Amino acid sequence: MTIQLVTTYFWPESFRINDLVRAWTERGHEVRVLTAMPNYPAGRLFPGYTWRGPYRERHAGAGVLRVPIITRGPHRGVRLVANYLSFVVSASIAGLASIHRRPDVIFVYEPSPITVCLPAIALRRRWRTPLALWVQDLWPENLSATGAVQSTRLLRAAGWLCRWIYRHCDLVLAQSPGFVDPIRTLCPDVRAVEVLPNWADGIYQPVDVPADAPERAELPSGFTIVHAGNIGSAQGLGIVLDAADELRGEDIHWAFIGDGNDRQRLEGETARRGLGDAIRFLGWRPNEAMPRYLSLADALLISLRRGGGFAPTIPAKVQSALAMGRPILAALEGEGARVILESGAGPVVDPENATELAAGARALRDASAAARGVMGQRGRDYALRHFDRDTLVGRLDGWLRNLAEERS
């Protein structure tokens, strides 16, 4: 098949779609990517990219067409809205002007905003090609849960936009079973909804880290809990600072690997409260380096704010953490909590209760190394059973082939 991918985020940004593109090209599909200049999560262009390009590349066997955008910047607000809208405009113009061969199917990757689907709908109309949308963030629920939009009028408008987008999709893929009912309730006439969960990139597996590896010096000594990924308001990581306050004097340390719009605030608050000995911010690291850091962790933290928009979500880092075979401390509710509890990979606590988080960290520290090893192995076994990459990509291939055959 020829697959036209539309995504705001793509390599060198770290998202699951990168691995899906590799899987597609490995299976012999021709993949064409329409995406933005990389700037997530720091909000500035990655090294090697400028407003002069490069706008055409190849990665993992796929042709990549990038479009200029207004970068996200370090904070939310008007700049972020401009970032979203600039991709819609640039990708619509570039897509219609530069994509001259009809693909068999158009595929949209949506980890927010759902407006990423608008350029794909323009291509769908031009080519009369079926369109599949993989929903990673549930709109408009996500807007309300993050506090990004509080106006009921704007939320109703966002709901109308989502319904319109779903009606123009031939297949909507939900990253969690908890997404299905909200999608069907919002848009009863959606053509088809299937569940396609995320999986862990193949590099996420336990590795032996040499004694002289530089990663060892970067992480704190003692019992260390690592959070890897976006450091944004949705992750609700302020609870870690409160838990560290309760654990002062105990040999429990926290390390944040990643970047995001809440990092600067958390770093400042950490310094103000004198928690520098307990909490360390390492900054962004390339995806291929992450298995070494995670293998050195005594436990992995997964956190997501409380809220109706988040409860149906299984954070993408859940699959990666399970695959690493490390114990997990989860401050989650809803579908993400269900997966961790079912797997037996570690304790789940209230996402707004620092005392529970501190108790969960203490319990993991006090458990024997053998007991923690059992938790980690349970998690990895669960990931292999429920989130196997080849099985899920094969299932997706079948759906996309059916779409292409029905349209032809």
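Predicted model: local features only at pLDDT ≥ 70, side-chain atom pairs only at ≥ 80, totals over all residues.
Colleague: Which strand do five bridges join to strand S5 (residues 105-110)?
Modeller: The two run parallel, and the partner covers residues 131-135. Strands here are DSSP runs of E, at least two residues long, while helices are runs of H or I, at least four, and both are numbered from the N terminus.

Colleague: Which are the edge strands of the eight-stranded open sheet?
Modeller: The order is S3-S4-S2-S1-S5-S6-S7-S8, with mixed pairing; pairing takes at least two DSSP bridges between strands. Two strands pair on one side only. Those are S3 (56-59) and S8 (193-195).

Colleague: How wide an arc do the buried residues of helix H13 (354-366) cover?
Modeller: Ala-354, Leu-357, Ala-358, Gly-360, Ala-361 and Leu-364 are the buried ones, with buried meaning under 20% relative accessible area, exposed over 50% and partly exposed in between (1.4 Å probe, protein chains only). They sit on the same side of H13 because their arc, taken over directions from the helix axis to the C-beta atoms, is only 160°.

Colleague: Which residue caps the N-terminal end of H13?
Modeller: Look at the backbone nitrogen of Thr-355. A side-chain oxygen lies 3.1 Å from that nitrogen, and the oxygen belongs to Asn-353.

Colleague: Is His-59 buried or exposed?
Modeller: His-59 lies in strand S3. Its contacts (heavy atoms within 4.5 Å) are Phe-10, Trp-11, Val-21, Arg-22 and Val-64, not counting residues up to four places away in sequence. With a relative accessible area of 15%, His-59 is buried.

Colleague: What is the relative accessible area of Arg-128?
Modeller: Arg-128 lies in the loop between H3 and S6. Its phi is positive, near 55°, in a residue other than glycine. Arg-128 is exposed, at 64%.

Conventions:
Residues numbered from 1 in each chain as written. Heavy atoms only, no water. Polar contact = N/O pair within 3.5 Å; in protein donor to acceptor, adjacent residues only side chain to side chain.
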